[in-house]
Amino acid sequence: MTLRAAARSALIVWVALTLLIAIQTLWQGAENSFIKTGPHSILSVTMTSVIFAWMLAGGLLGLIHFGRVNEKNIFTLAGFFLVALLYLNILRERTEYGDIEYYIDAALRLYRGKPLPPEYLYPPFWAWFLKFFAASGEKGLLLVMWTLNVLAVFLFYFLLQRILQTYGFTSRLAALTATAFMLVNMPLLRTLFYGQVNLHVVNLVFLSLLLYPQARPLSALALGLAVHLKIAPVVLALAFLLNRDWRWLIWFGLSLAAVGALPYWTDGLSPYLDFLNNSLLFTAERMTNFRETSIDTLFTVLGSLMNVDFAVTRYGVYAVKVILLGAGLLVMRANVKSGTYYEANEKGALIHNAAPALLLLMTLLSPLVWEHYGVFLTLSFLLLVKRLDSPTEWLTFGFIYFIGFLLPAFDYFPWSFARLAAALILLWMMWKAASKPRPSSAFETANRRLEGLRFKQNGADS
């Protein structure tokens with residue numbers, strides 16, 4: 001029996017079992033004695049995890065049966081199913097999701113016509129969107145956000161692979177890189193464990209870059225949505241400004257206005273005033289956390305240890321950030337000029353070469369940098385692989401990658417601030433990469449050898 005024939009038989013069994021499960025569920029109802037909540041579990045999350053996994057199994061059988069699995073996409077599909085099933089099983093085990101509580105509180109308050117809570121430090125759009133599910137209560141809102149994050153993981157895999165291909169990775173190397181990156185990834189796990197919106201933001205940033213310049217309105221809309229989830233990605237608009245792409249900038253302005261008008265249309269100006277007030281209060285003196293590794297927190301901790309007034313430490317913060325802003329812009333300029341990541345004579349070259357430095361700058365200048373913010377540095381880290389030549393560079397990169405993505409989150413001053421040091425070393429390595437005339441031989445060899453691999457089909461298509 002050939003592989004496709006075996007898959008056909010298995011798919012028939014899968015369809016039959018799916019129908020039986022659906023009939024039983026419809027006959028007995030979701031609330032019946034045959035469905036129980038296990039210890040330390042959320043029933044809706046458990047069942048949704050199982051449904052996703054079951055559908056993935058059916059999808060894989062269908063792809064094999066219809067001959068959609070071939071040597072061109074085998075790396076992509078293998079990586080996706082591995083990553084998808086891994087995260088479904090990990091996320092099924094959670095019962096508490098940290099920041100989801102703030103989102104739920106904000107959505108329920110908007111739903112009831114009350115002000116946003118003081119802990120809500122995001123633009124109103126996310127709370128406004130969730131408000132339409134508020135009638136389902138806290139459990140319903142949690143399931144909505146959990147499901148959206150699972151879908152975001154799936155999308156992130158494909159977008160990451162696609163954007164790496166845009167930057168010169170072959171499809172196989174891009175698939176292997178995306179898979180390895182996601183299999184062990186502390187910032188990604190922490191993003192999902194907190195129920196954070198970071199993954200949605202990164203996906204929208206990737207979409208904005210992938211759609212440019214072929215679809216400027218959609219590219220601008222994607223980044224506009226990202227800014228309405230978290231303000232920080234607005235930094236990327238600087239690249240389009242430097243590129244003097246006025247059409248894109250006009251579309252971006254219209255997108256910001258259109259998306260921003262949605263909460264205003266239903267709830268008025270109040271949510272925006274709440275967001276502004278919460279942000280202003282946040283800039284005042286606050287409790288420190290050794291797992292939050294921003295420059296602001298570093299100076300606050302040092303000031304506290306040395307009994308320096310908070311107002312004085314702010315001057316130090318501003319001075320360092322001005323220096324970093326200048327350094328980041330110099331790195332960006334060098335990357336653009338040399339075409340470090342993207343061929344300088346290609347369309348959109350300035351945008352694509354500027355993006356990694358701007359994403360790093362966005363993180364370094366943020367007044368709040370939790371461990372899950374590392375997902376914003378995905379491109380900044382992975383694209384550097386193209387320019388690593390010497391063993392020293394590989395070891396240095398491996399060290400900062402370990403600190404940023406593999407080391408479990410911990411709170412231990414000053415060692416937890418190693419993540420800040422890793423970001424600064426990354427900035428320096430990006431500066432060095434700009435002086436190299438071409439991608440490293442290791443990168444080009446990996447690209448060439450992976451694409452040269454061939455697989456015998458042994459009658460699988462018969």
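Two residues are in contact when they have heavy atoms within 4.5 Å. Keep that in mind as we look around this predicted model, where local features need pLDDT of at least 70, side-chain atom pairs count only at pLDDT 80 or more, and totals for chains, interfaces and linings use all residues. Residues are numbered from 1 along each chain as its sequence is written, and side-chain values use heavy atoms, with hydrogens and water left out.

Let's start with threonine 177, which sits in helix 7 (residues 171-183); helices here are DSSP runs of H or I with at least four residues, numbered from the N terminus. Leaving aside neighbours within four places in sequence, threonine 177 is in contact with Leu164, Phe169 and Leu382. Threonine 177 is buried, at 18% relative accessible area, where buried means under 20% (1.4 Å probe, protein chains only).

Next come the aromatic rings. The structure holds 34 aromatic pairs: rings of Phe, Tyr and Trp (its six-membered ring) whose centres lie within 6.5 Å, called stacked if the planes are under 30 degrees apart, edge-to-face if over 60 and tilted for the rest. Two of them are shown here.

| Pair | Centre to centre | Between planes | Type |
|---|---|---|---|
| Tyrosine 167 and tyrosine 342 | 5.9 Å | 80° | edge-to-face |
| Tryptophan 248 and phenylalanine 252 | 5.0 Å | 15° | stacked |

The tyrosine pair links distant parts of the chain, 175 residues apart. Tyrosine 167 is buried at 1% relative accessibility, and tyrosine 342 is buried at 14%. Tryptophan 248 and phenylalanine 252 are both buried too; being four residues apart in helix 12 (residues 246-267), they are separated by about one helical turn.

Conventions:
Helices (H or I, at least four residues) and strands (E, at least two) are DSSP runs, numbered from the N terminus. Buried means under 20% relative accessible area, exposed over 50%, partly exposed in between (1.4 Å probe, protein chains only).
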